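This report describes selected strands, salt bridges and a pocket of one protein model. The sequence and the structure are shown first.

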Amino acid sequence: MNVDLIGKPAFLTDIKYGDLFYTQIGERIYPCIKTFMVKNDTEIIDYVVSFMPSERDRSQLPRLLEERSLTAKTAYRVSGPVFRSLITESALLMDVEYWPKPGIVIESSDATYLTVKAGPMPHKLMYLNVSTGELLAAPPKAPFVFVMEWKIILQQAGGDQTLIRFPMGSPTLLKKTAAQ
């Protein structure tokens, strides 16, 4: 029998910043990205950006959780995911006064940032540097473009497999991903 794994089991402490993994939150398993924030230029706090529904709105927005709040300390690390954003003409022509909601990507001259819901208020955002896994409280500096559509995929010989897509649909659950 051939077993084709898309990743390996790991402890949360073994997962690197910026890595995509699946872990149990409550009763279900959700995709997450390990992140960190530097406080006071010396203290590093570990966080997780989770793609799970809110108790209030049930949408699959990226949400910020402290890593220590996760009950399960094991995870399933995904090997080689790729973040792809789709920059459209409407994004380039967007009004300068628009400010993003959680889940929108900001492509700036220095990095790609995912806006993450970071509290109960809808306007409370953090900015995840997709390359490094660092969370920033301040928005990126201009020039930038807002990206309304993006996805995280696995590149495979038979074609790309989408793990997370924004804004359409919910994230692929681990059992569906592993079965394909």
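How many residues lie between β2 and β3 in the hairpin, and which residue in the turn has a positive phi? Two residues separate β2 and β3, and G26 in the turn has a positive phi of about 70°.

## Basis of the values

The model is predicted, so that local features need pLDDT of at least 70 and side-chain atom pairs count only at pLDDT 80 or more, whereas totals for chains, interfaces and linings use all residues. Residues are numbered from 1 along each chain as its sequence is written, and side-chain values use heavy atoms, with hydrogens and water left out.

Strands are DSSP runs (E, at least two residues), numbered from the N terminus. Strand β2 covers residues 20-25, and five of its six residues are buried, so the strand is largely enclosed by the rest of the structure. Buried denotes under 20% relative accessible area, exposed over 50%, and partly exposed the range in between (1.4 Å probe, protein chains only).

Two strands are said to pair if DSSP finds at least two bridges between them. β2 pairs with β3 (residues 28-39) in the antiparallel sense over six bridges; L20 has I33 of β3 as its bridge partner. β2 is also joined to β6 (residues 74-78) by two bridges, again antiparallel, and here F21 stands opposite R77.

## Salt bridges

A salt bridge requires a side-chain nitrogen of Lys or Arg within 4 Å of a carboxyl oxygen of Asp or Glu. The search of the whole structure finds three. In one of them, K34 and E67 have their closest N and O atoms 3.4 Å apart. This pair links distant parts of the chain, as K34 belongs to β3 and E67 to the loop between β5 (62-66) and β6, 33 residues apart. Both K34 and E67 are buried.

E66 and R68 form another salt bridge, with the closest N and O atoms 2.8 Å apart. E66 counts as partly exposed at 29% relative accessibility, while R68 counts as exposed at 67%. D160 and R84 also meet through their side chains, at 3.0 Å from N to O. D160 lies in the loop between β13 (149-154) and β14 (161-166) and R84 in β7, so this contact ties together parts that are 76 residues apart in sequence. D160, at 45% relative accessibility, counts as partly exposed, and R84 counts as partly exposed at 32%.

## The sheet β7-β13-β14

Three strands form an open sheet in the order β7-β13-β14, with antiparallel pairing. Its edge strands are β7 and β14, each of which pairs on one side only. β7 and β13 pair over six bridges, with L86 facing its bridge partner E149 in β13.

## The second largest pocket

A pocket is defined on a 1 Å grid over the protein atoms alone, as an open set of points where a 1.4 Å probe fits, with protein on both sides within 12 Å along at least five of seven lines; lining residues have an atom within 4 Å of a point. The second largest pocket has a volume of about 190 Å³, this being the space filled by probe spheres set on the points.

Thirteen residues line this pocket, of which G18, I33, F83, V130 and I152 lie nearest its centre. β7 (81-86) and β10 (125-129) each supply at least two lining residues, and β7 gives the most, with three. The lining comprises nine nonpolar, three polar and one charged residue. In this division Ala, Val, Leu, Ile, Met, Phe, Trp, Tyr, Cys and Pro are nonpolar, Asp, Glu, Lys and Arg are charged, and the others, Gly among them, are polar.

Notes: Helices (H or I, at least four residues) and strands (E, at least two) are DSSP runs, numbered from the N terminus.
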